[in-house]
Amino acid sequence: MVGSIGAQSIGEPATQMTLNTFHFAGVSAKNVTLGVPRLKEIINVAKNIKTPSMKIYLKDKYKKSQETATLFGGKIEHTTLSHVVRNSAIYYDPDPTKTIVKDDELLIALYNDVPIIDIERQRMSSWLLRFELDNDKMQFKDMSMGLIEKKIHENF
């Protein structure tokens with residue numbers, strides 16, 4: 001009796017998951033492991049799940065605000081620099097008072113004109129690593145330039 005109930009308990013959800021898989025076959029936004037592959041992950045207690053997910057229920061005063069939920073989601077998600085960088089490049093720039101990067105000329109001129117006491121003015125290398133950050137992604141993740149600078153200094 002236990003075997004048949006156990007088989008039914010596994011078989012029925014597997015059938016439903018398989019049907020949902022076929023139902024969402026043409027939907028590109030639906031990126032969830034369903035059907036037999038998902039059942040296999042559950043039964044085998046897979047260490048690397050293909051599409052991990054988590055549901056977090058917000059308290060009553062926050063649950064109706066999409067903005068709050070989005071902000072909270074952006075804060076708890078693991079974020080690396082690659083998530084917010086739009087473009088990166090490496091340049092050889094031997095003169096610290098000028099730059100070969102046309103987009104940075106005004107910034108370097110301003111940097112040289114305004115004395116900053118706390119920042120060491122000598123560059124360690126003539127090689128320059130330039131990141132162009134995505135403002136929309138930074139706002140979604142609630143990140144600032146100061147936070148990115150702090151993390152770079154901590155790690156490198």
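Is aspartate 104 buried or exposed? Aspartate 104 is buried, with a relative accessible area of 13%. The points below concern a predicted model.

1. Overall make-up. The protein has seven helices and two strands, arranged along the sequence as α-α-α-α-β-α-β-α-α. Of its 156 residues, 12% count as buried. Aspartate 104 belongs to that class, since its relative accessible area of 13% falls under the 20% limit.

2. Salt bridge of aspartate 104. The partner of aspartate 104 is arginine 130, with 2.8 Å between the closest N and O atoms. Arginine 130 sits in strand 2, whereas aspartate 104 is in the loop between strand 1 and helix 5 (105–113), so this pair ties together parts that are 26 residues apart in sequence.

3. Other salt bridges. The count for the model comes to eight salt bridges. In one of these, lysine 63 meets aspartate 60 at 3.1 Å, N to O. Aspartate 60 is exposed, at 60% relative accessibility. Arg86, Glu132 and Asp134 are linked in a network of salt bridges.

4. A pair within helix 7. Lysine 151 and glutamate 154 form a salt bridge in which the closest N and O atoms are 3.7 Å apart. Both residues are in helix 7 (residues 145–155); because they are three residues apart there, about one helical turn separates them. Lysine 151 is partly exposed, its relative accessible area being 41%.

5. Nonpolar surface patch. Ile90, Tyr92, Trp127, Leu129, Phe131, Ile152 and Phe156 make up a nonpolar patch on the surface, and together they have about 840 Å² of accessible area. Two or more residues of the patch come from each of strand 1 (85–92) and strand 2 (127–133). Strand 2 gives the most, three residues. Isoleucine 90 is found in strand 1 and is exposed, with a relative accessible area of 62%.

6. Second largest pocket. Which residues line the second largest pocket? The lining consists of Pro52, Ser53, Met54, Lys55, Ile56 and Ile76. By class, four of the lining residues are nonpolar, one is polar and one is charged. The space in this pocket is about 220 Å³.

How values were computed:
Residues numbered from 1 in each chain as written. Predicted model: local features only at pLDDT ≥ 70, side-chain atom pairs only at ≥ 80, totals over all residues. Heavy atoms only, no water. 1 Å grid on protein atoms, 1.4 Å probe; cavity = no way out; pocket = protein on both sides within 12 Å on 5 of 7 lines; lining within 4 Å. Points joined across faces, edges and corners; volume = space filled by probe spheres on them. Nonpolar A, V, L, I, M, F, W, Y, C, P; charged D, E, K, R; others polar. Patch = residues over 30% accessible without salt bridge, like charges linked within 9 Å, V, L, I, M, F, W, Y side chains within 5 Å. Areas by Shrake-Rupley, 256 points an atom, 1.4 Å probe, with all protein chains shown as cover. Salt bridge = Lys/Arg side-chain N within 4 Å of Asp/Glu carboxyl O. Helix = DSSP H or I, 4+ residues; strand = E, 2+ residues; numbered from the N terminus. Buried < 20%, exposed > 50% of the residue type's maximum accessible area, 1.4 Å probe, protein only.
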